[in-house]
Amino acid sequence: MTRPRPSGSDATNGPTWHSEPDVRRASTLDERLHHDRAAHELAIERVFVRSWQLLPLSDPIQRVEPLTLLEGGLDEPLVLTLSDDGEQLLSNVCTHRGALLAEAPGDARALRCRYHGRRFDLGGTMTSCPGFEGAECFPRASENLARLPLEQVGPLRFTSIDPRIPFDEWAAPLRRTLAEYDGEIFTFEPSASRDFEIDASWALYCENYLEGFHIPFVHPGLNQGLDFSRYTTELEPYAVRQLGVASRDDDARLVSRAADDVVADYLWLYPNLMVNAYAWGISVNLIEPIGPGRCRVRYLRWVARPDLVGTGVGGALDEVEMEDQGIVLSVQKGVRSRLYPGGRFAPKLETGPHHFQRLMSADLK
Ligand code: FES
Ligand SMILES: [Fe+2]
């Protein structure tokens, strides 16, 4: 038997990445998104290069702190510097022949390339370049290191190589979520933070996150704490917010939404960031593409109200995370099937995954 032609594909030219705007008629995006190498590379260039990304943790910083943005995906070498002029996020690539500059954290007052000795100050300006006497039309502005934006909301810091969306527009839903903890101090909890590499596409992981339809089936424990009949999904231009409402009186409400009995605010920001707000603080899930059909799931937690840790629906997250990983691994195998025809969306329950695919479609086309 031959493989059914994937929905939204052209028989000769591969995926068209078409996504029907009306969820009642839409089918899932071409499933090559989840396992094909060319589709993976297209998503890296068209989606991730243009996106806002959470920075790897680097607090407190030394004067010079090299980091790799989205290791295994973007693999962009950057360096965070601290000088009298403040912090800068710079390209960590020498503008001469491309050697990496800082290779380890340190307290240097300048960046010096170990290949041919070019120097830059901690703001990224080239200050010397041995051997260039007689060079014409030199130096160009591009001899200085590229500077990336450095943004912050609460304890979370972000950058982008080439942002498609202004930061304030992208981050507006996140600011609303974190307003819950206005005036409170977040403490990062390394012991509750972990990374997993799994054989599933980052996009499948996001799609699973974006619907609560599976909660009664996949998460029996979580389902007991939520009143599924009052679970809501709100679409925003570059985000999806799902609100979980308590089924029990004893569960800790989010202060800002206590009147609506909200115990969990599940916010996803395009393309790969999830910020789950509970009464005790936030659990961040960052889903990093590291290959076709492979991703790194990073769980990071910040506590704002230590007395509430372990309570309510945000109390047993490990179990929920493992249940989600299990189902996503299953779907990864299924969408590769030659016999899988592509699916349809449940119109009221799967607006989140459909919105995700609409945004992906716009970027991939
Ligand atoms: S590559 Fe840096 S000075 Fe040549
Ligand atoms: Fe889930």
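This is a predicted model: local features need pLDDT of at least 70, side-chain atom pairs count only at pLDDT 80 or more; totals for chains, interfaces and linings use all residues.
Residues are numbered from 1 along each chain as its sequence is written, and chains are lettered from A and ligands numbered from 1 in the order written. Local features need pLDDT of at least 70, side-chain atom pairs count only at pLDDT 80 or more, totals for chains, interfaces and linings use all residues, and side-chain values use heavy atoms, leaving out hydrogens and water.

Let's start at the metal. Which protein atoms are donors of the iron ion (ligand 2)? They are NE2 of His 214, NE2 of His 219 and two OD atoms of Asp 324, lying 2.0 to 2.7 Å from the iron. Donors here are N, O and S atoms within 2.8 Å of the metal (3.2 Å for Na, K and Ca), and sites may look incomplete because water is not among the atoms.

The angles among the four donor atoms run from 53 to 154 degrees, and the site is irregular.

In sequence, the donor residues follow H-x4-H-x104-D. His 219, in the loop between H4 and helix H5 (220-225), and Asp 324, in helix H6 (residues 317-335), are 105 residues apart and link distant parts of the chain. Helices (H or I, at least four residues) and strands (E, at least two) are DSSP runs, numbered from the N terminus.

Buried or exposed? His 219 is buried at 1% relative accessible area, and Asp 324 counts as buried at 13%. Buried means under 20%, exposed over 50%, partly exposed in between (1.4 Å probe, protein chains only).

Note on methods
Four donors count as tetrahedral if all angles lie between 85 and 135 degrees; four count as square planar and six as octahedral if opposite donors are over 155 degrees apart and all others between 65 and 115; anything else is irregular.
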